[in-house]
Amino acid sequence: EGPKAEIVSTPAVERLLDAADFTTVYAFEFKEMGHRFYVLTLKVTNITLVYDLDTRMWQQWTDTNGNYFPFVGATYDSSMVHYFQHETDGYIYKADEDYTTDNASIITVDIVTPNFDGETNRRKQMKMLKFVTDQTPGSVLQVRKNDHDYAADKWSNFRSVDLSKQQPLLSDCGTFVRRAHNFRHQSATSFRLKAVEMQLDLGTL
């Protein structure tokens, strides 16, 4: 930032890097939809971390099987169309926000929220979850919850939300003290989620 270096890693990213194997590393930068991305792949550790320089947020990118993002570099042409080169087959892939599949495979987006307790141990009743997002025909968001600090066997079943509706929502979401959500999008449609709004009633205990 100007003449001085600025730390952008979060504690979670630093823990991943501390435990990582740096034998084979791929890194490149590209810009799309007004965002500048720095892509860092640690092949042996099987993870790709992506930093958005404009939102200052980290993401994890994967292939369709959940492994690291298998591209080694990026470039662009005179029309500012970006191209990625695949690690093993050498194929060149065009990168554009208009694509909703990857080589005919659905692109999965997983968002896992932090635990929410509203800064109180009293029970909360969630009447409704509203989703502030694009209204897109054929777009479905799957939602599940975990009230047990991310325990793998404590995730609820997914419930589906039709994102083509004018006000997408889930009702009757139960009670909790502390809760995390997993939002999953697996439709061949564009997907932008701006916010999730909770309608809560606070219990007495």
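Okay, one term before we start: buried means under 20% relative accessible area, exposed means over 50%, and partly exposed is in between, with a 1.4 Å probe and protein chains only. By that rule Trp 61 is buried, at 18% relative accessibility.

Now, what are we looking at? This is a predicted model, where local features need pLDDT of at least 70, side-chain atom pairs count only at pLDDT 80 or more, and totals for chains, interfaces and linings use all residues. Residues are numbered from 1 along each chain as its sequence is written, and side-chain values use heavy atoms, with hydrogens and water left out.

Let's stay with Trp 61. Rings of Phe, Tyr and Trp (its six-membered ring) pair if their centres lie within 6.5 Å; planes under 30 degrees apart are stacked, over 60 edge-to-face, and the rest tilted. The whole structure has 13 aromatic pairs. One of them joins Phe 37 and Trp 61, tilted, with 5.7 Å between centres and 50° between planes. Phe 37 sits in strand 2 and Trp 61 in strand 4 (residues 57-61), so to speak distant parts of the chain, 24 residues apart. Strands here are DSSP runs (E, at least two residues), numbered from the N terminus. Phe 37 is buried too, at 11% relative accessible area.

Trp 61 also pairs with Phe 69: the centres are 5.3 Å apart and the planes at 75°, so this pair is edge-to-face. Both of these residues are buried. Ring pairs tie Trp 61 and Phe 69 into a cluster with Phe 28, Phe 30, Phe 37, Phe 71, Phe 84 and Tyr 93.

On to the nonpolar cores: sets of buried Ala, Val, Leu, Ile, Met, Phe, Trp, Tyr and Cys residues joined through side-chain atoms within 4.5 Å. The largest has twelve residues, among them Met 126, Phe 131, Leu 163 and Phe 191. Which strand gives the most to this core? That's strand 11, with three residues. Apart from it lies another core of eleven residues, including Phe 30, Phe 69, Phe 71 and Tyr 93.

Last, two loop residues. Asn 46 has a positive phi of about 65° without being a glycine. Asn 46 lies in the loop between strand 2 (35-42) and strand 3 (47-52), and is partly exposed at 32%. Tyr 150, also not a glycine, has a positive phi near 70°. Tyr 150 is in the loop between strand 12 (140-146) and strand 13 (159-162), and is partly exposed at 34%.

Conventions. Helices (H or I, at least four residues) and strands (E, at least two) are DSSP runs, numbered from the N terminus.
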